[in-house]
Amino acid sequence: MEELLKKLIANGNLLFFHQIEEVIDQCEILFITVGTPSLPNGEADLSYVEEAARQIGRWMNEYKAIVIKSTVPVGTGDKINKIIKSELKKRNREISFDLISNPEFLREGKALQDALYPERIVIGCETEKAQKLMKDLYKEINAPILFTTIKDAEMIKYASNAFLATKISFINELARLCDKIGVNVIQVAKGMGLDSRIGPQFLQAGIGYGGSCFPKDIKALLALASAEKIPLQILQAVSDVNETQVQWFMEKVKRALGSLSGKRIAVLGLTFKPQTDDIREATSLKIIHYLIQNNSYITAYDPQGTEHVKKIYPTIHYVKTPLEALKEADAVIIVTDWKEIIEIDWQKAKNILSQPFVFDGRNCLNPSAMLKLGYHYEGVGTPSFDESN
Ligand code: UDX
């Protein structure tokens, strides 16, 4: 990203302005990309999108294609349309514009790849002019374009995230059963994933999904469904399973250790996934809370997320290397599957630990290798087994 940004800025292809009216004036296509965080009732907070629309209505002087990239509830397009029209009316201006919904499907840490090589481009618009402009804009990108209504496009974004989260909660709930009856969920997911109708992705069992998108978008879709009195029961269960997955996992930890009180616990990984410093809705926060409630001593390690978590939990102990975290720990909990954590020398680590207990919340270590090294190892839906048998 850094390299590309430098190049674009040097070429004059990327410009920054202090005044919004300058951008509005100079560009025919305007993307609204502001955040839509969750309100306490789960609905998406649209105030930033609405403010952007007001500004556009206030400053536009000729035709604009106004593209909503932010994830917004179905029906937001209509709202934004009205806001822009009302701003224009205040100025006694009649200027034509097109409102377009072009949801983004970028993953954190892979944004550039996902932007340049998307699997599909979804464009919700109502006029041929808008369709042509958007087709032209994306002409260099080799991906199918699906044109829909604005509302359909808005729903596609929510439905896609909801379905991916469903896959995760499905395998996570199944993992709880696998754990109990001696079945390896990793093999189950592998076997299921070979069926192209199911596919192998997003079937990695763990301690739940986090991040800035899945939890927020699922809450927003549930809030919309509830307001419309069409309960989405499957999605509600997806959310419930995710909410309780950490609790289920921590009870396993507690059972194995007898008690957590006074125990020294190494928490490895704080971000919601590797390759980001983002801790929004990260499961690490729930785990730290649980450990504090149970009077454990916590030593936490993360390559990028430490500073953010420090602001929430200033009193726990933070270290700069994974091995420092393991020093005299009674147990290790792996929360994020960072390369730095997977590649720990577990043979050496055993001499540093006070007790060889490893609880792998991301199923990122090899269970039989850990057992051979003499660890008490527990994953998620990977009951103790020896692969050589
Ligand atoms: C997601 C969507 O993938 C992306 O298309 C959308 O635009 C934004 O939301 P992101 O939040 O960056 O992207 O992360 P993603 O890689 O999808 O992972 C989300 C969470 O699910 C992480 O906490 C990850 O650990 C978890 N996950 C993912 C699993 O627990 N199991 C899996 O198999 C996959």
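The legends below describe close-up views of a predicted model, in which local features need pLDDT of at least 70 and side-chain atom pairs count only at pLDDT 80 or more, while totals for chains, interfaces and linings use all residues. Residues are numbered from 1 along each chain as its sequence is written, and side-chain values use heavy atoms, with hydrogens and water left out.

View 1. The protein is divided into domain 1 (2-148) and domain 2 (214-378), with bounds that come from an automatic or database domain assignment. Taken over C-alpha atoms, the centres of domain 1 and domain 2 are separated by 37 Å.

**View 2. The interface of domain 1 and domain 2.** Contact, meaning heavy atoms within 4.5 Å, links 12 residues of domain 1 with 12 residues of domain 2. The two domains bury about 800 Å² between them, 53% of it on carbon and sulfur atoms, where buried area is the accessible area (1.4 Å probe) that two parts lose on being put together, summed over both. In domain 1, the residues that lose the most area to domain 2 are Ser38, Gly42 and Glu108, which together account for 51% of what that side buries.

**View 3. The salt bridge between Arg280 and Glu108.** The side chains of Arg280 and Glu108 meet in a salt bridge at 3.9 Å, N to O, the term being used for a side-chain nitrogen of Lys or Arg within 4 Å of a carboxyl oxygen of Asp or Glu. Across the interface of domain 1 and domain 2, the rule finds one salt bridge.

**View 4. Cysteines without a disulfide partner.** The structure holds zero disulfides, a disulfide being a pair of cysteine sulfur atoms within 2.5 Å. Cys27 is in no disulfide, and the nearest cysteine sulfur, that of Cys125, is 19 Å away. The sulfur of Cys364 is too far for a bond, because the closest cysteine sulfur, in Cys178, is 18 Å from it. Cys27 is partly exposed, with a relative accessible area of 28%, whereas Cys364 counts as buried at 18% relative accessibility; buried means under 20% relative accessible area, exposed over 50%, and partly exposed in between (1.4 Å probe, protein chains only).
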